[in-house]
Every structure is written in C-alpha cells, then in structure tokens.
Amino acid sequence: MRTVAGTGLTESELAHLDAHWRAANYLSVGQIYLMANPLLREPLTTGHIKPRVLGHWGTTPGLNLVYTHLNRVIARRRRPVLYVAGPGHGGPAMVANVWLEGTYSEVYPAVSRDELGMARLFRQFSFPGGVPSHVSPETPGSIHEGGELGYSLAHAYGAALDNPDLLVACVIGDGEAETGPLATAWHSNKFLDPGGDGAVLPILHLNGYKIANPAVLARIGDEELGALLTGYGYRPYLVEGDDPLNVHQRLAATLDAVLDEIDAIQSRARADGGGRPVWPMIVLRTPKGWTGPSRVDGRQVEGTWRAHQVPLAAAREEPAHLAQLEKWMRSYRPEELFDGAGAPREEVVAWLPTGDMRMGATPYANGGRLTRPLELPDFRDYGVRVSQPGSPPAEPTRLLGPFLRDVLVANARFRNFRIVGPDETESNRISAVLEATDKAWQARISDVDEHLGAHGRVMEILSEHTCQGWLEGYLLTGRHGLFSCYEAFVQIVDSMVNQHAKWLKTTRELPWRTPIPSLNYLLTSHVWRQDHNGFSHQDPGFIDHLVNKKGDVVRVYLPPDANTLLSVVDHCLRSRDYINVVVAGKNSAPSYLDIEAAELHCARGLGIWEWASTNGPDPDVVLACAGDVPTMEVLAAADLLRTHLPDLHVRVVNIVDLMRLQPAEEHPHGLGDAEFDAIFTVDRPIIFAYHGYPWLIHRLTYRRNGHDNLHVRGYKEEGTTTTPFDMVVRNDMDRFHLVMDVIDRVPGLALRAASIRQEMVDQRERHHEHIRRTGEDLPEVRDWVWPGAPLEIGAGR
Ligand SMILES: Cc1ncc(C[n+]2csc(CCOP(=O)(O)OP(=O)(O)O)c2C)c(N)n1
Ligand SMILES: [Mg+2]
C-alpha cells in the first residue's frame with residue numbers, strides 16, 4: 001500500500017481542520033449524552049445526562065475526520081461530493097457535520113446554529129420524538145442509513161453512475177467489509193465508466209474492531225490487505241496514525257493525491273477512452289473511539305472494541321463516569337469552537353463549502369430534486385392484437401423487450417435509465433434491450449463476447465446484492481431503473497429491500513425529501529415455468545416477504561398476459577416512492593385482453609371477465625385467478641364447466657393488482673367492502689387460483705365478508721424438473737382439480753356432478769401416466785386454447 005508524506009498544510013489550514021474535527025466530535029458526544037447544558041457553561045451534573053444513553057461513539061471520530069477533510073477538498077476543488085457512511089450507526093457524526101455547515105438548521109429551523117439549537121440538537125438524538133441513532137433519512141445529505149451493514153459500496157457506485165461530475169466518498173467499516181454484499185461490491189469498478197460516470201472513493205476505515213471482535217482485515221497484515229485490495233483492482237493508499245495533527249497532514253496530502261489521480265483518470269478517459277483504470281482508494285487506520293476516554297473502570301477503551309457504543313455508560317449513575325465525561329468533552333476546548341451565542345466560530349466554519357456544495361445540501365442526496373420523468377413511448381404500440389380472448393401464444397417478457405428498448409432509446413441522451421440483473425437479461429427474454437445498448441463491461445472483452453461495452457446501460461453481475469445496491473443508489477440519486485431477476489433468487493435481497501422500504505416509508509413523512517423513482521422488479525422465470533431447472537428455482541415467496549411492508553410503499557402486480565404486462569410496466573416506470581413487484585411469464589402463453597382492455601383492467605386492478613363467465617350476474621361460484629398460469633388454469637376449468645355443467649353460473653374474476661384484495665383501510669389500493677362483496681359475493685364459494693403460496697390470499701382477505709367461502713389453490717412447495725402442467729397438478733391447482741373444487745363446494749352439486757368429478761380424477765391419473773411415458777403433457781392440455789376463433793399476433797393497434 002502506498003503512503004503519501006504529509007506536510008503540505010499551512011498552520012492555519014491545520015488549525016481550521018482540527019478545530020472543525022474537534023467541533024464535530026464535541027457535538028457528537030453531546031448528542032449521545034446531554035439533554036441540557038450544551039456548552040458546558042455549568043459543571044456537568046447528572047440532570048444534564050440523558051436517562052438512556054444510546055448511540056455509537058467508536059466509529060464517530062473517524063467519520064468526522066473524513067467529513068472534515070472532504071470539506072477541505074470540496075472547498076478547494078469545487079467538486080460535488082456525496083458522503084456515504086457505511087457504518088451508519090455513526091449517526092451523530094453526520095448530524096454534527098451537517099449542523100456545523102448550516103444545512104441542518106435550514107432543513108430544521110428549530111435546531112438553529114446557536115445555543116438553543118445546540119441544546120435541541122443534543123436532546124433530540126436517540127430520544128423519543130427526536131431523531132434515530134443512525135444516518136437515517138432524517139439526516140440531510142444521506143442516501144444511506146447504514147444500519148444494516150454491507151451496502152455502502154454498492155450504493156456509492158449506483159449513485160456515481162451517469163453522474164460524471166460527482167465524487168462519492170464511501171467510508172466502509174472494517175467489520176462491514178466482512179459482509180458478503182460488501183465483499184462483492186468491490187467488483188463494481190469493472191463496470192464504472194470513467195468517461196460517463198462519476199468516481200467512487202472507497203475509504204476502508206480500519207479502526208480495528210467491530211462490536212466485540214477485531215475486524216478480519218485489521219489483522220491480516222498490510223501486505224496481505226494490500227494484495228487483496230490490489231487484487232480487487234484498486235490502488236490502496238494507507239493513512240494511519242493516532243496523533244491528530246500528523247493524521248490531518250497525511251490525510252490531506254493523500255486526499256489531494258487520490259483526487260488528482262481520479263481527475264487524471266477521468267480526463268484521460270474523456271479525452272481518448274482507454275481501458276479499465278486502476279482507481280485509487282484509501283485505507284484509514286485510526287483508533288476506534290479516537291479522542292474518547294482512554295481507559296474506563298481500569299480497562300482500555302479507546303482503540304478497542306469497547307469504544308463501539310457508549311464508553312461511559314453510567315455517566316448518570318456514577319460520579320467517576322460523569323467527571324470523565326466532562327473532562328472528555330472539555331478536551332475539545334468548546335470555548336474555542338463556539339462563540340458566546342453558541343454558534344460555531346469563524347475558524348471552524350468560515351472555510352467550509354457553501355450552498356449546494358455542502359455535503360448535507362447536495363441535491364444528489366435528495367435525488368427527487370434531480371429526477372427527470374422518463375420519456376415513455378406509448379406502450380399500446382407494443383401490444384399483441386387480440387380480437388378475441390385466448391389468442392395464439394405470445395411470450396409476455398419478449399413483448400416487453402421492445403418497449404424497454406425504446407425506453408432506453410428515448411432517454412439515452414438524459415442518461416437516466418438503467419436495467420440491472422444477475423446475468424438474466426437474455427434468459428428473461430427482454431434481450432431486445434440489447435439492440436439499444438450494451439451490457440456495461442470495463443474488463444477485458446474477448447471475440448466470443450456479445451453486447452458487452454464500456455458504456456452499456458444494462459448492468460449484469462452475478463450478485464443480486466450488487467444489482468440491488470447499484471439500483472438503489474441510482475434511484476436514491478433521482479434516476480430510474482428496473483431489476484430483472486429470476487423470481488426464486490430475488491429473495492437473496494430480501495433484507496436489502498426491507499431497508500429500502502423503510503427508507504421510503506420514512507422519507508414519505510419528510511416534506512423536504514422529494515419523491516424518487518420507484519424500485520421496479522420484473523420477476524420472471526417464475527415458479528410455474530422452470531423448464532431447464534427445478535425445485536431450487538421454484539419459490540414465489542418474495543411477494544409474501546414484501547407484503548409485510550407498509551402498504552403505501554409496496555405494490556404487487558400479476559399481469560395475466562402480455563398486454564397487461566405492458567400496461568403494468570408503463571405504470572410502474574411513471575410511479576414514485578414505491579416498490580413495484582411485477583411477476584410475469586416468459587413462456588408462450590395465451591393473450592386474453594387487447595391493449596385497450598388490458599389498460600382498463602390494469603387501471604381497475606381486477607375485474608370480472610364476462611367473456612369467460614356464464615349465465616349472467618348471479619353466480620353459483622366465483623373462479624378467481626391471479627398470475628398467468630393460474631389464470632390459464634381457471635379459464636380451462638371454466639371451459640370444462642361450461643361443457644360439462646352448462647347450467648352452472650360461473651363468474652371469472654382476474655386480479656392484476658394483488659393489493660386490491662386488502663381492505664381499503666390497510667392499503668391505498670384496497671377495494672371498498674361493498675365493491676369487494678359485489679365482485680366476489682358474500683355467500684358463494686370462491687375458488688381462487690393464485691400464483692404464490694395460497695395462505696397469502698387468506699392473509700389479505702381474512703376480514704372480507706366472503707372469506708369463509710374462499711378456497712385458495714397455489715404453490716405448496718411441490719416441485720421438481722417436470723412438465724409445465726405437472727407443476728400445477730402437483731400443487732392441486734390444475735384445471736381438473738379446480739373443477740373438483742367447484743363440485744365439492746357448490747351446494748347440491750356433489751350428487752349431480754359425481755360422474756364429472758370422477759372424470760376429473762381420471763384425467764389427473766391419465767396425465768400422471770402420460771407424462772411418465774411420453775415426457776410431455778397430454779395433447780388436450782398442451783394444445784388447449786380458450787374456445788374461440790384463432791387470432792393473429794401483430795404489432796400495434
Ligand atoms: C448486516 C449487519 N449485521 C450485524 C449488524 C450489527 N452490528 C452493528 S455495528 C457492528 C460492527 C460494525 O463494525 P465496523 O463495520 O467495523 O464499524 P465500526 O468499527 O466503524 O463501528 C455490527 C456487527 C449490523 N448492523 N448489520
Ligand atoms: Mg471497525
């Protein structure tokens with residue numbers, strides 16, 4: 001690892017940096033401990049200490065040091081910097097810095113830059129009715145809460161994409177660096193385009209410890225660490241020490257060197273292209289809990305894991321802790337940092353960047369301010385022509401491909417739309433997008449490769465974590481995107497999407513946070529159609545996971561065919577502040593609705609399909625379906641019923657927007673009870689074929705009047721590599737079983753339809769025998785189409 005000798009700062013620069021750092025440290029400690037007496041005008045008493053002292057000191061001085069020094073380079077170079085704090089538990093650090101630069105008081109005028117404001121700043125932190133302990137959405141300048149560790153570097157890269165002027169400084173905890181998502185995110189440098197993208201400066205904060213253990217990277221030796229980071233394609237610069245003035249000199253000199261290097265890389269790439277650069281990064285080795293109490297109760301704290309949370313936990317109870325806390329706070333010499341009114345003195349803040357160049361005020365961290373709505377081609381032009389329901393097959397995602405391609409084309413000059421995915425763009429059959437752009441790739445390209453290029457807008461890496469992190473970073477800085485993924489494996493990012501949902505929920509409650517484009521998932525290669533794969537690839541549980549989140553954040557769409565998919569995706573790309581999950585098939589499937597009908601159906605979110613229903617408005621049974629394969633089975637069952645039981649009154653209801661099932665009080669899309677009762681009835685059996693785990697439908701509808709009559713078929717974890725129809729048979733969601741369900745549930749039918757029921761049982765047996773003998777589905781199943789005239793597939797209306 002390289003080091004840069006540091007002697008370049010003048011006395012006054014050094015004094016300014018150190019004063020700012022001390023001020024930030026003072027304000028951080030104050031936030032953790034104090035509820036009064038912010039300037040220590042009186043001797044500290046237990047009454048000044050919060051009853052519950054909550055927060056994390058250990059990482060804080062390091063985060064403050066980096067913020068202070070970034071201020072210097074921003075002021076000098078006038079280059080916008082976005083600060084991503086991986087150890088987001090260091091919330092007090094970011095709040096302190098943002099208050100010092102003035103942004104905090106602009107956003108929250110009550111927390112003014114004076115004694116009263118400082119008192120409020122301290123009191124509110126980790127306090128009921130106040131602000132959380134992490135770098136939460138409430139913190140101006142943050143796009144990264146950092147509570148769940150591991151996502152900082154992927155977020156940083158996502159933010160840098162298509163922001164050529166931006167530098168994203170990303171502090172990575174040495175503990176955080178042990179996580180899988182962080183470990184794989186180093187590879188983002190093989191995708192970042194030095195020409196059109198901004199730069200990321202990873203700063204690995206080697207403070208040596210986590211909560212209760214040393215960090216692996218802090219104990220492997222400099223040579224091994226240097227080799228690891230070099231192997232990831234970086235040029236690591238080491239800054240280390242525990243003497244503040246010395247570290248200031250070194251860090252300042254190193255930042256100058258690495259920013260010069262970044263400038264040179266970008267100028268070179270922007271002048272004449274060139275290959276993949278080796279980007280610089282910093283390894284910052286300073287003590288955990290630096291400048292805090294060295295020893296507490298006879299044990300070493302500073303420079304150890306014991307500094308992780310609050311070093312003097314008993315400050316309210318034990319006079320010795322209280323005295324030590326006062327000594328600690330006074331060691332920053334607050335009288336030199338704040339004037340008589342409690343405002344930061346000139347030396348501390350006069351040299352800071354101003355306006356939007358302040359890291360707390362940067363529009364990049366309030367991305368909605370930068371959002372340009374997507375130019376969207378008219379999705380109706382991409383539809384299948386359906387003159388009668390149940391046309392010849394179309395592959396829904398393949399139909400979507402040209403629409404997405406043209407979204408890329410229409411927005412190419414705005415550079416604000418990307419598609420991410422773990423190696424599945426072609427497999428998911430949206431490969432038409434590659435007619436408009438390449439897949440981003442900065443590493444070596446060989447002759448056999450196709451569609452790889454330095455400026456690609458499709459980003460594929462076989463890490464769902466990195467895909468998710470990139471996209472989140474991209475969206476949080478105001479741009480648009482789509483994550484295309486196999487349904488089963490998107491669950492790898494369950495935990496990340498939780499955090500994003502929490503972020504959105506909170507930002508929606510903050511009027512100064514401008515809405516950002518939604519996080520859109522296109523999940524295909526879904527549970528029911530795994531031709532090359534099997535049980536491992538069959539899992540629709542992502543939906544169950546997401547519906548736990550706040551109703552105003554999550555939307556789940558199950559378009560039954562190609563035209564409804566187009567309409568749903570168009571809608572999602574226009575939306576803000578949501579997480580939209582779209583589950584769609586990529587295999588050949590019938591198209592039921594022409595594009596106008598599809599649009600209406602999607603706008604309603606569900607609807608009675610009169611053309612598939614029989615005998616008028618008073619049904620004996622409701623056949624409900626959500627999802628493409630369940631829809632086909634329900635329609636095939638309806639077809640069997642009209643053949644075998646022509647007198648039966650059957651109503652077919654299709655649900656595209658799953659959230660329509662929830663009560664209106666629980667979800668903004670929830671149907672009112674009167675409408676729900678009118679569609680599903682309150683007293684007739686409802687046989688519901690659902691894409692995912694059946695219990696979810698019960699969960700969503702348990703308060704509905706007709707719930708006792710609801711019988712749901714769905715995936716019950718029966719699967720393998722088998723025929724398409726066998727998948728539904730194994731899970732009792734096949735057309736024959738649905739007919740049996742109807743016969744079993746409609747009062748009086750059992751007797752009358754006993755022989756038809758027997759026929760259905762026999763059909764399932766025949767199926768069983770046939771697939772084992774021939775390897776494919778029964779011809780009458782395979783070739784089944786909704787009875788009607790054959791239809792043509794064509795482009796346009
Ligand atoms: C994914 C995840 N696992 C566990 C935790 C609990 N946790 C909070 S802080 C921390 C240690 C972090 O150490 P490091 O990244 O080195 O940060 P620092 O030393 O700067 O505090 C852990 C394990 C977490 N926040 N996120
Ligand atoms: Mg650490």
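User: What is the volume of the largest pocket?

Analyst: Start with the general idea. Rolling a probe the size of a water molecule over the atoms shows where empty space is left. Now the case here. This is a predicted model, and its largest pocket has a volume of about 520 Å³.

User: Which residues are the closest to the centre of that pocket?

Analyst: Look for Arg529, Ser588, Met632, Pro724 and Arg782. They belong to a lining of 28 residues.

User: Which elements give two or more residues to the lining of the largest pocket?

Analyst: Find α19 (628-644), α22 (724-730) and α26 (779-782). Helix α19 gives the most, with four residues.

User: How do the lining residues of the largest pocket divide by class?

Analyst: Count 13 as nonpolar, seven as polar and eight as charged.

User: Now the cavities. How many of 30 Å³ or more does a search of the whole structure find?

Analyst: A cavity is a space where the probe fits but cannot get out. The search finds four of 30 Å³ or more. About 60 Å³ of space lies in the largest cavity.

User: Which residues line the largest cavity?

Analyst: Among them are Tyr67, Tyr83, Met94, Val98 and Val135. The lining also includes the run Thr139, Pro140, Gly141 and Ser142. By class, the lining has seven nonpolar residues, four polar and no charged.

User: Next, helix pairs. At what angle do the axes of α1 and α10 cross?

Analyst: Take helix α1 (residues 11-33) and helix α10 (residues 319-330). Their axes come within 9 Å and cross at roughly 150°. Angles over 145 degrees count as roughly antiparallel, so α1 is roughly antiparallel to α10.

User: Which residues make that contact?

Analyst: From α1, Tyr26, Val29, Gly30 and Tyr33 take part. From α10 come Leu325, Trp328 and Met329. The contact of α1 with α10 divides into six nonpolar residues, one polar and no charged.

User: And α14 with α15: are they roughly parallel or roughly antiparallel?

Analyst: Check the angle. The axes of α14 (residues 464-476) and α15 (residues 494-508) come within 10 Å and cross at roughly 15°. Angles under 35 degrees count as roughly parallel, so α14 is roughly parallel to α15. The crossing of α14 and α15 is right-handed.

User: Which residues of α14 and α15 meet?

Analyst: His465, Gln468, Gly469, Glu472 and Leu476 lie on the α14 side. They meet Met496, Val497, His500 and Trp503 of α15. By class, the contact of α14 with α15 has four nonpolar, four polar and one charged residues.

How values were computed
Residues numbered from 1 in each chain as written. Chains lettered and ligands numbered in written order. Predicted model: local features only at pLDDT ≥ 70, side-chain atom pairs only at ≥ 80, totals over all residues. Heavy atoms only, no water. 1 Å grid on protein atoms, 1.4 Å probe; cavity = no way out; pocket = protein on both sides within 12 Å on 5 of 7 lines; lining within 4 Å. Points joined across faces, edges and corners; volume = space filled by probe spheres on them. Nonpolar A, V, L, I, M, F, W, Y, C, P; charged D, E, K, R; others polar. Axes fitted to C-alpha atoms, helices over the stretch in contact; angles between N-to-C directions. Parallel < 35°, antiparallel > 145°, perpendicular 65-115°, else oblique. Left-handed = near helix turned anticlockwise from the far one by under 90°. Contact = heavy atoms within 4.5 Å.
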